[in-house]
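Subject: Structure handover

Hello,

Here is the structure I promised to pass on. Please open it and keep it beside this email while you read.

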Amino acid sequence: MRCVIARFPFDLTKSGVLESMKGIKPEPVEGESVIIGRRQYPVKQVGQVVTRQDRRDFSAGEVVRAMTMLGFTCRGLPQAPAAPAPGLTPLQRASAMLGAPEPVPAPQPASVPAPVPVSV
């Protein structure tokens with residue numbers, strides 16, 4: 001299949017990409033990734049190996065588009081962990097980050113009832 005990466009046309013096949021990536025150790029994934037075989041590779045690493053170009057010459061989106069067209073599974077950016085609930089004390093926030101049980105909310109001050117008007 002003809003794919004354009006960094007303004008250069010490439011004739012890529014799924015078997016050709018599998019052969020190119022055989023024996024390549026995956027780098028740690030910090031962004032978008034492609035699953036090739038049973039391994040998960042960063043998109044830029046796959047683009048560099050397949051095209052033999054510098055990683056700065058192409059975007060991750062170009063490689064994701066090409067790998068998707070070839071039938072590989074691509075994953076987006078990893079999700080950031082959810083921020084702790086607002087309004088927690090620093091101790092409760094730290095406990096939540098460490099995976100402690102759900103913190104019990106601080107007791108709210110009792111409300112004072114409104115004065116009752118007195119008729120004369």
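To start, is glutamate 27 buried, partly exposed or exposed? Glutamate 27 is partly exposed, because its relative accessible area is 33%, and the buried class ends at under 20% while the exposed class begins at over 50%.

One caution before the rest. This is a predicted model. The mean pLDDT of the chain is 84. Of its residues, 82% reach 70 or more. Confidence is highest in strand 4, at 94. It is lowest in helix 4 (residues 90-97), at a mean of 82. Where pLDDT is low, the predicted coordinates should not be read in detail.

Salt bridges

A search of the whole structure finds four salt bridges. Here are some of them.

Glutamate 27 is in one, with arginine 55 as its partner. Their closest N and O atoms are 2.8 Å apart. Look at where the two residues sit. Glutamate 27 lies in the loop between helix 1 (14-21) and strand 3, and arginine 55 in the loop between helix 2 and helix 3 (60-70), so the pair ties together parts that are 28 residues apart in sequence. Arginine 55 counts as partly exposed, at 25% relative accessibility.

Aspartate 54 forms a salt bridge with arginine 56. Here the closest N and O atoms are 2.9 Å apart. Aspartate 54 is partly exposed, with a relative accessible area of 33%. Arginine 56 is exposed, at 73%.

Lysine 22 and glutamate 19 also meet through their side chains, in a salt bridge of 3.5 Å, N to O. Lysine 22 is exposed, with a relative accessible area of 59%. Glutamate 19 counts as exposed too, at 51%.

Three of them form an open sheet, in the order 4-3-5, with antiparallel pairing. Strand 4 (39-42) and strand 5 (73-75) are the edge strands, and each pairs on one side only. From one strand to the next, the twist averages 30 degrees.

How many bridges join strand 3 and strand 5? Strand 3 (residues 33-36) pairs with strand 5 over three bridges, in the antiparallel sense. For a pair to find on screen, take serine 33: its bridge partner in strand 5 is arginine 75.

Helix 2 (residues 43-51) packs on this sheet. It touches strand 3 and strand 4. The direction of helix 2 makes about 85 degrees with that of strand 4.

Best wishes

How values were computed:
Residues numbered from 1 in each chain as written. Predicted model: local features only at pLDDT ≥ 70, side-chain atom pairs only at ≥ 80, totals over all residues. Heavy atoms only, no water. Pairing = 2+ DSSP bridges. Helix = DSSP H or I, 4+ residues; strand = E, 2+ residues; numbered from the N terminus. Axes fitted to C-alpha atoms, helices over the stretch in contact; angles between N-to-C directions. Contact = heavy atoms within 4.5 Å. pLDDT = per-residue confidence, 0-100. Buried < 20%, exposed > 50% of the residue type's maximum accessible area, 1.4 Å probe, protein only.
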